[in-house]
2 protein chains.
Amino acid sequence: MSELRRDPLSDRWVVIAENRAGRPDQYQPASARRIVAPCPFCRGQERETPPAAATYVADGQPTTDANWQVRVVPNKYPAVRADLPAYQADSAVGETRAAIGAHEVIIESPQHLVSLSGLSDRQVELTFTAYQDRLVYWQRDDRLAYGLIFKNARAAGGASLEHTHSQLIATPSVPSEVARELACAERLLGSYGACAFCRLLDEEAATGARIVAEDEHYVALCPYASRFPYETWVLPRRHASRFEDVGRQPLQRLAHLVRELICRLEQIVSELAYNYWIHTAPWGGENYQRSYHWHLEIVPRLTRMAGFELGTGYFINPVSPEQAARRLRSASDERIPSDEAKFSVQKN
Amino acid sequence: MSELRRDPLSDRWVVIAENRAGRPDQYQPASARRIVAPCPFCRGQERETPPAAATYVADGQPTTDANWQVRVVPNKYPAVRADLPAYQADSAVGETRAAIGAHEVIIESPQHLVSLSGLSDRQVELTFTAYQDRLVYWQRDDRLAYGLIFKNARAAGGASLEHTHSQLIATPSVPSEVARELACAERLLGSYGACAFCRLLDEEAATGARIVAEDEHYVALCPYASRFPYETWVLPRRHASRFEDVGRQPLQRLAHLVRELICRLEQIVSELAYNYWIHTAPWGGENYQRSYHWHLEIVPRLTRMAGFELGTGYFINPVSPEQAARRLRSASDERIPSDEAKFSVQKN
């Protein structure tokens, strides 16, 4: 049984997905660990996953099991699925819907690497191309309203398998965090007559205090109200509501920048657990084209969300974003190959 | 520097509290651990904490360092503080306020125990009395709008010191999670003409599928849209918006019930990390008296919040609340002393 349930007392949605309890977990203490050797995401283990939905190679050759570089597969333990019959029920205890959706894994490399920082820029670019393609693929399903691309790296980041991978989950409704941003963006567009994200970029450029890096296409900054130590967002300089529409050259630069930021974060905390996700406009219609501005949010997982955070929805962050940005600007970039160091990094 | 910051793009509040980075952490790997022996919360170490704001003894004797049973102290690494001058600033990057508030620690025992389950019912009752007293104390400060009582138990629950303790954090605004519940409660009061929580209790009683335990005062249940495996809420049967107003005898029963529920959870998962918090009506005025229904939420920390949860605000729960309630009903209560087993537990 897998279903979406809404709590009427808080308007919170949850996915009840009992099949996920059976997932292997390489990060469990050895005593509790299920056997997951060899790694199902490594080259040669393609039969351990469902058949690929898409594969990518470096230079347009026909793809085989011997040469794929990025591989997209359905999640073997899906939270949501495309093949469920629709149903909906309401009662005083909550609203219920079939857990219709898509849940895919984007395997970022045939090699057993544990962080995006270990990939080449080209490999990250292929991964980001896969993100775009899968979002475009699933938005054709008119039962679905939104697709989230996200990455969980290392145990404290929520990864159960260590081989570097990202995921896509598409859902029938626009998730609450995204809906909150959309509502703010529309309200602020009404007040300012311009995109609030564009205005924020202008303000941040004026002081520079929270800017980590920038190039002709993007600005990376630690947001003023950062929830987590070293939280870093990447925003396109030019207004655009949809990540899916980013062209080839800016996507290359994005790949380089995100990898560089993760290298810098790992310089500050080695073996850092982190998440990132992409917030893009919801599917269907021209909505939010003027007000919303897609962006990628990277959150290191150094603090634990505990009773206060869960009970209030507030966050406590022991590292100010000004301090975080200063440290990230001066973090050594020694793991970034010099032939790709065209990227101009703001030094303090 | 400690301040409250609101992100204009999401309306999210964060507390930037750099002083908290210096906290000792008994749960860090030994290599990274700061020396925190002896435990500052044990009897005999009273000088390791700020002076007590309140102390409790079992039977009305004058309190000394030698006989306290529950001890309330200001947090040594506060997220918010009562002694800050007020200020407020607004800009395109966010809203800022002084981090005015209260942050206290309620030490639940003079002995070095690591979970509420190790306490006697009487000791839990003293702890809950302290919760009420400190909420009443801080609501006299008219700069503050809300006080959250919460508990972090064990490392994955976010505790940095293992000695069993709870905390109070009071803030100048009503936290977003509570505001969300209040908005739902008001809306549903409008639709039903009655409290939505009372209606939910009636519906849950009709099936019994998610009920874990009940007595003349309380119902403990796994909510229909549980975010976490074995999430359990305790609600008073009779409508009441404020936890602070619970009388002595129902408070005794609550103490017994919460301790019993934690014993049961620990029967299912030994050394379980968990949080609980109390949601009560905001301070000041008669607001929400009809619509809101105070309750205590217990959340075991068996799953990790990862990129999907943080990026969407949705939760994925691999144990259905029906399954959780069934297991909790049949969990052995052997750690519950028989002289306190008056409490009637619904067996499956």
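Let me begin with a term: by contact I mean heavy atoms within 4.5 Å. With that in hand, 100% of the interface residues of chain B are also interface residues in chain A, so the copies meet through the same surface.

What you see is a predicted model, in which local features need pLDDT of at least 70 and side-chain atom pairs count only at pLDDT 80 or more, while totals for chains, interfaces and linings use all residues. Side-chain values use heavy atoms, with hydrogens and water left out, residues are numbered from 1 along each chain as its sequence is written, and chains are lettered from A and ligands numbered from 1 in the order in which they are written.

On confidence, the model scores ipTM 0.93 and pTM 0.92. The pLDDT, which is the predictor's confidence in each residue on a scale from 0 to 100, has a mean of 90 in chain A, where 91% of the residues reach 70 or more. Over residues 337-348 of chain A, however, the pLDDT is below 50, although this stretch has 27 contacts in the model beyond near neighbours in sequence. Where pLDDT is low, the predicted coordinates should not be read in detail.
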